[in-house]
Amino acid sequence: MIRLGIIGAGFIVEEMVQKFPKSNQIAINALYSRTFERAQTFCQKHKLPEPVRSFEKLLENCDAVYIASQNNTHYEYALRSLEAGKHVLCEKPICIYEEHLEHLIAVAESKNLILVEAQRLWTKQTFAQVKFLIKHQEIGEILGLEASLGSAGQRLEKRVLEYGGGALFDLCVYPIFAFLYLIGDIENIQAYAHFFETGVDDYTMISVQHKGIIGNLSASFNTNTRGELRINGTKGTITIPKIFTIHDDVYIQKENQQIVSCQQDSLDMTLMVLEFSNYIQGKDLDKYQLRKEFSIKSVEITDKVRQQISLVYPF
Ligand SMILES: NC(=O)c1ccc[n+]([C@@H]2O[C@H](COP(=O)([O-])OP(=O)(O)OC[C@H]3O[C@@H](n4cnc5c(N)ncnc54)[C@H](OP(=O)(O)O)[C@@H]3O)[C@@H](O)[C@H]2O)c1
């Protein structure tokens, strides 16, 4: 049984705990978070063991770590966990800087440890289905993809520069993943952003290209962008409303008609944990390699966009 240690006790950990698979392969064994009292309340609510008071104590009580604290903490926690011989499942964005991810991968590989970015879209069946529809020319030749995600009045802590906040790293990683997964490698990037007074981007828009197929990818904290994915072909358009949000049922439309309903997509986090435990047990390693490549591509792109829009973090 793999003993999982969790870092954080916020929004996404609540999702994770509720969707945690009932499995004899992996179980939550310990939790550590910045504010002990909040972690304690959280653990009582979810009938988890009493939280530990330090990161070192967490490492003593687990074989693998799920990092779900703020973005600015991911690299250091991942590095220290790997150095301590623990496998790592890290929330998106796994790293802000490309060289940080390269270093984590080198450490993981040198110690034969698994390092996975918790990108929920990877385990959404919708994506596999849309890819199938595209491949079988359901909407003819693909000319473009539009993906947007956002809502006005997002939580204020997502705008804190010191936490690695901002629309690019909190939200736009999903549209970027959609393009990489459904269309292919991104060849040209032109990014534009609007900035909030705290110094983070609150609206970012990226134009991209892959072999002539064009993409418009955007995310915002401050406007109600559509929050959907559209793939435009010469014989029609596939739309997936609400693909990026965590709670909605997902369905695929062609023009205005629903063609596929994908309710199992609510299992994305459950499947993610099961995949992680499979990789640790040496199963599905081809999939693991592919997944790692997607994280590398994604960080390369966000790092380029970050530089283009002059988003500078104090860490
Ligand atoms: N996969 C997804 O769908 C998804 C969705 C949302 C977020 N995320 C990602 O998950 C991460 C957390 O987001 P969230 O929305 O859950 O944030 P959140 O609700 O603000 O929770 C963050 C948690 O991390 C703790 N924390 C902060 N700094 C810490 C540190 N240095 N050491 C240990 N614990 C620390 C906080 O403790 P306090 O009690 O002290 O604040 C809090 O419990 C982010 O990286 C985000 O990008 C992923």
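This is a predicted model: local features need pLDDT of at least 70, side-chain atom pairs count only at pLDDT 80 or more; totals for chains, interfaces and linings use all residues.
View 1. Residues are numbered from 1 along each chain as its sequence is written. Setting aside neighbours within four places in sequence, I134 is in contact with I142, L182 and I231, where contact means C-beta atoms, placed from the backbone, within 7 Å. I134 and L182 are 48 residues apart in sequence, with 8.1 Å between their C-alpha atoms.

**View 2. T73 sits in the loop between β3 and α4.** Is T73 buried or exposed? T73 has 20 other C-beta atoms within 10 Å, so it is buried. Look also for E162: it is 89 residues from T73 in sequence, and the two C-alpha atoms are 10.0 Å apart.

**View 3. Helix α4 (residues 74-83) has buried residues under a cover of helices and strands.** The buried residues of α4 are H74, Y75, Y77, A78, S81 and L82. Which elements cover them? The cover includes the strands β1 (2-7), β3 (64-67), β4 (87-91) and β5 (115-118), along with the helices α3 (55-60) and α5 (98-110). After α4 comes G85, with a positive phi near 85 degrees.

**View 4. The largest nonpolar core holds 87 residues.** A nonpolar core is a set of buried Ala, Val, Leu, Ile, Met, Phe, Trp, Tyr and Cys residues joined through C-beta atoms within 7 Å. Which members touch the most others? They are I67, C172, A178 and F179. Helix α7 (residues 167-182) gives the most to this core, with 12 residues. Domain 1 (2-119) and domain 2 (122-268 + 300-308) each supply at least three core residues. Zoom in on F179: apart from neighbours within four places in sequence, F179 is in contact with L145, A147, I186, V208, G215 and L217.

**View 5. Domain 1 meets domain 2.** The chain is divided into domain 1 (2-119) and domain 2 (122-268 + 300-308), with bounds from an automatic or database domain assignment. Their centres, taken over C-alpha atoms, are 26 Å apart. The contact takes 10 residues from domain 1 and 11 residues from domain 2. On the domain 1 side, the touching residues are 3 nonpolar, 4 polar and 3 charged. Here Ala, Val, Leu, Ile, Met, Phe, Trp, Tyr, Cys and Pro count as nonpolar, Asp, Glu, Lys and Arg as charged, and the others, Gly among them, as polar.

**View 6. The ligand is surrounded by 22 residues.** The closest are G8, G10, R34, T35 and S69. By class, this shell has 7 nonpolar, 8 polar and 7 charged residues. Domain 1 and domain 2 each provide at least three residues of the shell.

Methods: Two residues are in contact if their C-beta atoms, placed from the backbone, lie within 7 Å. A residue is buried if 20 or more other C-beta atoms lie within 10 Å of its own, exposed if 12 or fewer, and partly exposed in between; C-beta atoms are placed from the backbone. Helices (H or I, at least four residues) and strands (E, at least two) are DSSP runs, numbered from the N terminus. A residue is near a molecule or strand if its C-beta atom, placed from the backbone, lies within 6 Å of it.
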